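Here is a friendly briefing to read with the model open beside you. Take each topic in turn and look for the residues as they are named.

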Amino acid sequence: MAKPITTLLFDFDGTLLDTNELIIQSFQTVLDEYYPNRFERVHILPFLGPTLRETFDSIDPEKTEEMMKAYRAWNLQHHDLLAKEFDGVKETLKSLKEMGLKMAIVSTKRNNMIMRGLALLGVTELFDTIVGLDDVSMPKPDPEPLLLAMERLGASPEETMMIGDNLHDIAGGKNAGVRTAGVAWSIKGEEFIRSLEPDFVLQHLSDLQKIVAGEPV
């Protein structure tokens with residue numbers, strides 16, 4: 001019999017905060033500057049999930065640092081304008097907190113931008129800890145960030161679930177030995193999420209309330 005879920009680890013971008021357009025436009029702006037007419041929107045979708053370094057290294061390692069700097073500058077300037085809440089996120093997170101769940105953000109994003117996004121949503125106080133790119137040497141799908149979050153929360157893998165919109169989240173969850181939930185609103189599509197074989201597929205974030213209560217979704 002599976003242990004009840006007491007701990008939820010959330011990816012951030014594309015899961016709680018809709019930064020899809022922000023990220024795509026950030027990449028598009030930078031890549032158009034360096035490689036005019038080479039990258040279309042369809043080519044950029046695979047860049048959502050990996051770290052910036054992984055992405056830019058795959059394009060041109062010699063220009064990674066300057067492209068990362070340009071990306072972050074544009075992203076920061078347009079963050080609050082283009083980022084927005086996915087439906088029901090704030091309300092659901094409050095309900096989960098009231099249910100006594102321990103909650104953390106586990107992201108491949110830098111900590112200062114995670115905090116900015118949490119402030120934009122108005123949910124900063126709902127999370128017990130945040131594990132961002134600054135806290136680890138190996139980001140998702142390596143289990144290190146998930147294991148660090150569980151250590152901080154005093155949680156075991158058996159009682160923990162990772163929720164995300166991408167390969168790095170589901171694979172990271174499996175590598176850390178926790179249950180996983182993929183979100184159907186992933187920009188890559190529900191079929192893509194199902195192909196990763198998470199334990200659950202969420203149609204709405206509020207589905208988590210049923211899952212942690214042991215009810216069928």
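Let's begin with a unit built from β7, α9 and β8, which together make a right-handed β-α-β unit. Keep in mind that everything here is a predicted model.

- Strand β7 covers residues 179-183, and five of its five residues are buried, so the strand is largely enclosed by the rest of the structure.
- Which way do the residues of β7 point? Arg 179, Ala 181 and Val 183 point one way, while Thr 180 and Gly 182 point the other way, and all are buried.
- β7 pairs with β8 in the parallel sense, over three bridges. Within this pairing, Ala 181 has Phe 200 of β8 as its bridge partner.
- Strand β6 (residues 160-164) also runs parallel to β7, and four bridges join them. Here Gly 164 stands opposite Gly 182 of β7.
- To get from β6 to β7, the chain passes through helix α8 (residues 167-175), and this β-α-β crossover is right-handed.

**Helix α1**

- How does the span of α1 agree with what its residues should give? With 15 residues at 1.5 Å a residue, α1 should span 21 Å, and its end C-alpha atoms are 21 Å apart, which agrees.
- Several residues of this helix are buried: Asn 20, Leu 22, Ile 23, Ile 24, Ser 26, Phe 27, Val 30 and Leu 31.
- What covers these buried residues of α1? The cover includes β2, α2, α3 and α4.

**Salt bridges**

- How many salt bridges does a search of the whole structure find? The search finds 10.
- One of them joins Lys 109 to Asp 13, with the closest N and O atoms 3.0 Å apart. This pair links distant parts of the chain, 96 residues apart: Lys 109 is in the loop between β4 (102-106) and α6 (111-121), and Asp 13 is in the loop between β1 (7-10) and β2 (17-18).
- Are the two partners buried or exposed? Lys 109 is buried, and so is Asp 13.
- Another salt bridge brings together the side chains of Arg 41 and Glu 21, at 2.8 Å from N to O. Arg 41 lies in helix α2 (residues 41-44) and Glu 21 in helix α1 (residues 20-34), so the pair ties together parts that are 20 residues apart in sequence.
- Arg 41 has a relative accessible area of 41%, which makes this residue partly exposed. Glu 21 also counts as partly exposed, at 28% relative accessibility.
- Arg 53 and Glu 65 form a salt bridge too, and their closest N and O atoms are 2.8 Å apart. Arg 53 sits in helix α3 (residues 52-59) and Glu 65 in helix α4 (residues 64-82), so these distant parts of the chain, 12 residues apart, are linked by the pair.- Arg 53 counts as partly exposed at 38% relative accessibility, and Glu 65 is partly exposed with a relative accessible area of 48%.
- Salt bridges that share partners also join Asp 11, Lys 140 and Asp 169 into one network.

- Which residues does a cis peptide bond join? The bond is between Lys 140 and Pro 141, with omega about 15 degrees. Pro 141 lies in the loop between β5 (129-131) and α7 (144-153).
- Asn 37 is not a glycine, yet has a positive phi of about 65 degrees. You can find Asn 37 in the loop between α1 and α2.
- Is Asn 37 buried or exposed? Its relative accessible area is 76%, and Asn 37 is exposed.
- Glu 197 is another residue other than glycine with a positive phi, in this case near 55 degrees. Its place is in the loop between α9 (190-195) and β8 (200-202), and at 60% relative accessibility Glu 197 counts as exposed.

Note on methods. Residues are numbered from 1 along each chain as its sequence is written. This is a predicted model: local features need pLDDT of at least 70, side-chain atom pairs count only at pLDDT 80 or more; totals for chains, interfaces and linings use all residues. Side-chain values use heavy atoms; hydrogens and water are left out. A salt bridge is a side-chain nitrogen of Lys or Arg within 4 Å of a carboxyl oxygen of Asp or Glu. Helices (H or I, at least four residues) and strands (E, at least two) are DSSP runs, numbered from the N terminus. Buried means under 20% relative accessible area, exposed over 50%, partly exposed in between (1.4 Å probe, protein chains only). The expected span of a helix is 1.5 Å times one less than its number of residues. Contact means heavy atoms within 4.5 Å. Two strands pair if DSSP finds at least two bridges between them. A crossover is right-handed if, with the strands pointing away from the viewer, the path from the first strand over the helix to the second runs clockwise.
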